Amino acid sequence: MKKLTVLALFICLLFSCNKDTKPLSFKTTEITKIYNADINVLLTEATANNAISNAINTSIKNEIIKAISNSESIKNLEDALNEFDTEFVNFKKYFSDRESTWVLNIESEVTYSSSEVLTIALSIYTDKGGAHGNDTITFLNFNPNTGSLFALEDIINDVVAFKNLAEKHFNIAIDSNTSENLSIEDFFFGEPFQLPNNIGFTEDGLVLLYNVYEIASYNQGYTEFVIPTDILSPYLKVN
């Protein structure tokens, strides 16, 4: 009996007694450094000092770096912001007659959190003085128990069946949100329906979002729709 008690205690410690695991908590941090360019950053970060929080925070920052940096040697967010600012300073040297300011706005927020999945939406807007800026939203879906990013196959149990479901809801969305008589082919440049790169959880269900230029014209802006949770349940591995 004593051996069994010791073994049970060991197993509990090994798996950290999962039922007592504390939920993740987050804070929003503003980067207050003054730049030459108009740079604003509001960053959502996991607050615990552990491997899970570190993995989540690193993934968020890496996604920002990938979006704003032109150099593969840039490895941290501070260097990426400095690079953007330096590019603007150099631009002004060569085009001193232009009255323009480069803009970089970065914001992230938790859109969904449960014991099985955590979704963080990352919004990045850049304007380098062109005809218009570039605005993107990225959904990052995490395993809150490990801090690792989920792939679509980790979330959906049958991607082919889910794609068929998504296509039906896409048609419903474009029928109700556009006054023009547009078909799927008009959005996908003559190609059949494709799932977006950005799919994320919210309290209302699963958001499927196409950024500008992914489908349709620039004037269409974002294209997004929601599949409600009650319809989604048979397709989900996590919720």
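## Ground rules

The model is predicted, with local features needing pLDDT of at least 70, side-chain atom pairs counting only at pLDDT 80 or more, and totals for chains, interfaces and linings using all residues. Residues are numbered from 1 along each chain as its sequence is written, and side-chain values use heavy atoms, with hydrogens and water left out.

## How α2 and α3 pack

Take helix α2 (residues 51-68) and helix α3 (residues 77-94): their axes come within 9 Å and cross at roughly 20°. Helices here are DSSP runs of H or I, at least four residues, and strands are E runs of at least two. Axes are lines fitted to C-alpha atoms, for helices over the stretch in contact, with angles from 0 to 180 degrees between N-to-C directions. So α2 and α3 are roughly parallel to each other (angles under 35 degrees).

On the α2 side, Lys61, Ile64, Ile65 and Ile68 make the contact, meeting Leu77, Ala80, Leu81 and Glu83 of α3 (heavy atoms within 4.5 Å).

## The nonpolar cores

The largest nonpolar core holds 29 residues, and Phe162 and Phe170 have the most contacts inside it. Such a core is a set of buried Ala, Val, Leu, Ile, Met, Phe, Trp, Tyr and Cys residues joined through side-chain atoms within 4.5 Å, buried being under 20% relative accessible area with a 1.4 Å probe, protein chains only. Helix α5 gives this core its largest share, 6 residues.

Leaving aside neighbours within four places in sequence, Phe162 touches Ile156, Leu195, Ile199, Leu206, Leu208, Ile227, Leu232 and Tyr235. Apart from that core lies another, of 26 residues, including Ile60, Ile74, Ile106 and Leu122.

Note on methods: Parallel < 35°, antiparallel > 145°, perpendicular 65-115°, else oblique. Buried < 20%, exposed > 50% of the residue type's maximum accessible area, 1.4 Å probe, protein only.
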